[in-house]
Amino acid sequence: MFAVTKMNLNDAKAIGKVAIAGVLIVVVIIAGVVGYYFYQTQNPPLKDRLIMGTTDSVESCLDPARAYDFFGFEIIQSLGSPLVEYKAGSTGSVDDIIPALATSWEVSADGLTWTFNLRQGVMFASEREFTANDVKYTFDRGIGIADPDGAFVGVGVGDIIDSVTVVSKYVVKFQLKIPFAAFLSLMAFQACYIVDPEYAPMAGSSWSIDDVVLYEDGNSRGSNPMGLGPYNLKSWTRVAGKDTEMTLEANPLYWNSVGGYPKTKNITINFYADSSGLALAMTAGDIDVAFRQLSTTDITAMKSNHDLKVWEGTGAFIQYLCMQQKNAPFNNAKIRQAVAAAIDRSSLVDTVFQGQAEKLYSMIPLGMFGHTEAFESLGDPNYTRTRELLAELGYNENNKLTFTLWYETSGHYPQSPQQALVLKSSLEESGVISVNLESRDWAAYRTARQEEIMQAYILGWYPDYIDPDDYIFPFVHSSGGSWIHHNYANPEMDKLIEWARGNTTSTARQSLYAQIQDLMVQDTAIIPLYQGGAYAVSKTNVDGIYLDITQNWRHWLVYAIQ
Amino acid sequence: MTLRTYIVSRILLTIPMIFILLTTVFLIMRVLPGDPVLLHFEKMENPALIAEMRIRLGLDKPLPVQYVDYLIGLFRGDLGKSMQDYSSVGQQVFSAFPATLELAIFSMAIAVLIGVLLGVESSKAYNSPKDHLIRVFGIVTYAIPVFFLGMILQMIFGVGLHWLPIGGRTYQTMVPTGLNIGSLHFSTGLYTVDSLLEGNIVKFGTSLKYLFLPSLTLGLALCGIFVRLTRSNMFETLRLDFVTAAKARGLKDSTVTYSYALRNAFLPVLTMMGLQFALLLGGAVLTETTFSWPGLGRYLIDRINFRDYTAIQGVVVVFGLFVSLVSLGIDLLYAYLDPRIRL
């Protein structure tokens with residue numbers, strides 16, 4: 001009995017040790033599982049490949065000397081890098097500009113000389129070091145080629161930059177022709193992305209339009225002159241001038257790869273002919289992300305689909321109403337004010353865009369430095385004011401102000417026919433305005449604009465560089481706005497704009513833009529209508545999408561959890 | 001008239017037809033409002049640059065000179081350069097044409113197959129509920145807009161069942177290379193044919209998978225006319241003496257219907273196939289958009305928006321030649337089948 005007890009005690013000790021060991025193992029396993037769970041939650045494995053869908057296509061090519069379209073820019077900024085860039089989520093303020101290929105910069109007191117210190121040790125994808133010579137080469141090339149289709153001419157880069165000088169291997173200096181406050185914004189613009197001279201050579205003895213790098217079937221590397229961005233162009237297929245598939249592959253030499261970028265190593269882009277095809281592909285799960293252009297109806301429907309995530313951001317696209325001011329009736333500011341007062345923006349935003357746009361009371365968009373709600377003072381709508389203003393000029397219910405409102409019909413702008421109908425209804429609600437509608441496809445509309453035969457007409461604007469100047473100078477400056485053909489000119493306005501362009505002090509610029517917007521209301525040179533929203537749709541496991549006013553689609557930040 | 005004389009005269013007739021077509025398009029495009037030069041200057045207008053662009057595009061010359069220049073280029077086999085992106089129109093057109101051709105061939109095959117089979121069944125069951133049902137089907141598919149039908153099929157087979165892709169022609173790694181023997185390379189641009197030439201059955205399957213929905217859409221849209229035509233012709237043929245005689249000899253019903261009656265009733269269907277090819281190309285424009293099919297139809301629409309005169313002319317020439325060739329082929333087949341046509 002005793003022996004048995006002793007044996008039992010020994011056994012009990014052994015069992016106890018085993019039990020403790022077992023508990024410890026269980027605890028370790030549980031801790032491991034829990035730890036793994038938390039690790040996975042905090043650092044989930046990411047998908048190696050994302051499939052994006054779009055209705056866009058590269059319009060001409062991927063050479064910053066010619067490219068001047070939304071999607072072309074989207075790809076250029078994935079394949080290349082600028083001197084400076086906007087941080088994700090930016091409101092477009094100059095304070096949001098962060099170093100990229102330039103680590104620091106300074107401007108001379110007269111605003112005419114900008115000096116950039118460049119990041120050292122940056123390698124092109126072709127394994128050659130990036131230096132100040134490449135910056136000079138890029139700008140000399142873009143200005144020298146002077147492609148009429150390109151942004152260098154469109155924005156007038158050659159009218160701003162006088163020369164680019166290499167100070168040393170890592171220091172470059174820009175001499176400007178005019179003081180230009182938005183210069184840093186211009187440097188972040190996709191047209192100013194640095195090209196690799198090896199892939200953008202000069203064929204003859206001087207730059208010509210034939211030096212533009214074009215799409216070459218089966219040669220994606222030779223089809224773009226970039227090489228400092230987060231991605232390389234692995235493949236690109238186009239049929240009859242439209243993209244059919246594109247794949248991006250992480251650039252192992254990207255200067256910011258130390259930061260863990262790009263988060264998704266491979267991106268495939270599928271192209272759809274229209275928004276319904278894109279929406280169907282997103283709903284069917286064929287693609288991970290759909291960006292540009294989904295219809296408002298599709299976005300509304302997708303908001304209630306639990307398998308999808310709708311991303312909403314600030315858009316930079318605006319639309320506005322122009323009036324031909326060389327002839328009656330719009331050669332009279334009071335009539336223009338009366339029309340502005342009778343516009344019901346709520347109806348436009350709610351009826352046409354189902355709330356996926358913002359009412360706009362200034363040409364400078366909401367969320368951008370310098371924006372004021374200037375046009376709200378005229379009413380939204382204020383029919384009493386419209387009637388009073390028109391009564392002073394002899395218009396009333398029996399003698400209505402009659403004019404023709406033009407709109408385009410080929411989808412160049414979103415839902416133009418619906419916009420025109422809502423505007424007509426809103427204006428006629430005043431009881432003293434009668435509107436006839438006239439439409440043309442974009443090509444004919446463009447000609448009609450130049451011929452100055454349209455009385456009132458709707459136009460739209462995607463910005464180039466993100467600065468109030470890009471929303472003011474091209475519209476109400478007598479030379480900058482000549483392309484609109486609305487024949488508005490006011491020397492006081494010109495003076496204010498030129499001061500604002502040249503002044504590098506934020507406070508002073510803010511005050512000048514406030515004055516400019518007030519003067520725009522007084523003259524009612526142009527009537528802002530709405531600001532488009534920016535929308536993307538993705539599967540629920542996708543993250544890292546930023547839709548800010550810069551309009552930059554940052555492929556390198558987007559990822560999906562496995 | 002011998003068959004050879006007939007062929008030569010038909011080919012010679014094709015030349016003035018293309019010439020008239022081309023001249024009409026050349027003039028209409030230039031009469032239409034819209035200037036291809038201005039479309040290069042959306043955000044700015046510099047008169048000197050506009051004038052330079054006009055010279056670059058050859059639009060500074062008088063209209064007759066432009067016309068003669070274009071014709072000279074055409075005789076050299078040069079379709080000119082695009083006025084929008086300066087690319088070679090010939091290259092662009094011929095890169096997109098195989099996709100349209102493949103879609104057209106499969107669609108026509110589906111249209112004829114469904115149309116003839118249903119037409120025969122309808123004629124055999126004359127005035128029965130089956131006949132009425134088939135007639136209604138024919139009318140509905142004929143009347144339904146092709147893009148709407150396409151979207152319904154996309155919803156069912158793409159979104160609902162996940163069986164077939166929503167759009168596109170294939171994906172990057174599945175593009176067939178065609179026949180490769182040593183340094184010899186041959187491809188047609190038709191993915192189904194090229195994948196077979198390559199001997200890759202997976203690529204063939206993938207090509208068919210992508211081709212099926214657009215072809216079915218266009219085929220269904222066109223089959224209605226074949227249903228009605230086959231039905232009415234078969235209805236008359238089935239009552240002719242030779243059919244009764246064949247039946248009296250104890251031949252199987254299917255042999256009498258398909259080998260005897262349909263062979264006779266098929267001639268008008270053949271004629272209609274030729275005529276429908278032109279309509280099919282028109283339908284392909286919408287189908288290509290609905291299914292993001294990278295064909296010539298989409299290219300044409302795109303270029304019309306840009307008033308890209310040379311590109312539009314190029315597409316019209318190729319479409320015209322294609323329709324003429326198909327029509328010629330059908331006529332020759334007809335002449336072969338029915339010697340009376342040559343008399």
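## Cis peptides in chain A

A:Pro262 sits in the loop between strand S9 (242-250) and strand S10 (266-271) of chain A. Helices (H or I, at least four residues) and strands (E, at least two) are DSSP runs, numbered from the N terminus. A cis peptide bond links A:Tyr261 to A:Pro262, with omega about 0°.

A cis bond also joins A:Arg292 and A:Gln293. Here omega is about -10°. A:Gln293 belongs to the loop between strand S11 (289-291) and helix H8 (296-303) of chain A.

## Basis of the model

This is a predicted model: local features need pLDDT of at least 70, side-chain atom pairs count only at pLDDT 80 or more, and totals for chains, interfaces and linings use all residues. Residues are numbered from 1 along each chain as its sequence is written, chains are lettered from A and ligands numbered from 1 in the order in which they are written, and side-chain values use heavy atoms, leaving out hydrogens and water.

## Chain A overall

Chain A has 16 helices and 19 strands. Its C-alpha atoms fill a box of roughly 125 × 60 × 50 Å along the principal axes. Of its 562 residues, 56% count as buried. Buried means under 20% relative accessible area, exposed over 50%, and partly exposed in between (1.4 Å probe, protein chains only). A contact means heavy atoms within 4.5 Å. Take the chain A contacts between residues at least 6 apart in sequence: 70% of them join residues at least 24 apart.

Chain A exposes about 21600 Å², and carbon and sulfur atoms supply 52% of that area. Accessible areas come from the Shrake-Rupley method with a 1.4 Å probe; for residues, only the protein chains shown count as cover. The chain carries 40 positive and 62 negative charges, and their mean positions are 6 Å apart. Lys and Arg count as positive, Asp and Glu as negative; His and the chain ends are not counted. Each charge is placed at NZ of Lys, CZ of Arg, CG of Asp or CD of Glu.

## Cysteines

The structure holds 0 disulfides over all chains. The test is a pair of cysteine sulfur atoms within 2.5 Å. A:Cys322 counts as buried because its relative accessibility is 0%. B:Cys223 is buried too, also at 0%.

A:Ala328 lies in the loop between strand S12 (308-323) and helix H9 (333-341) of chain A. At 58% relative accessibility, A:Ala328 counts as exposed. A:Ala328 and A:Gln455 are 127 residues apart in sequence, yet 8.9 Å apart in space, C-alpha to C-alpha.

## Helix H2 of chain B

Helix H2 of chain B spans residues 47-56, and B:Leu49, B:Ile50 and B:Met53 are buried in it. They cover an arc of only 100° around the axis, so they lie on the same side of H2(B). The arc is that of the directions from the helix axis to the C-beta atoms. An α-helix has 3.6 residues a turn, so residues three or four places apart point the same way.

The face turned away from the buried side of H2(B) carries the exposed residues B:Pro47, B:Ala48, B:Glu52 and B:Ile55. Cover for the buried residues of H2(B) comes from chain A, including helix H4 (151-155) and helix H13 (442-451).

## Positive phi in chain B

B:Asn127 is not a glycine, but its phi is positive, about 65°. B:Asn127 lies in the loop between helix H4 (89-124) and helix H5 (129-143) of chain B.

B:His162, also not a glycine, has a positive phi of about 55°. Its loop runs between helix H6 (146-160) and strand S1 (179-181) of chain B. At 48% relative accessibility, B:His162 counts as partly exposed.
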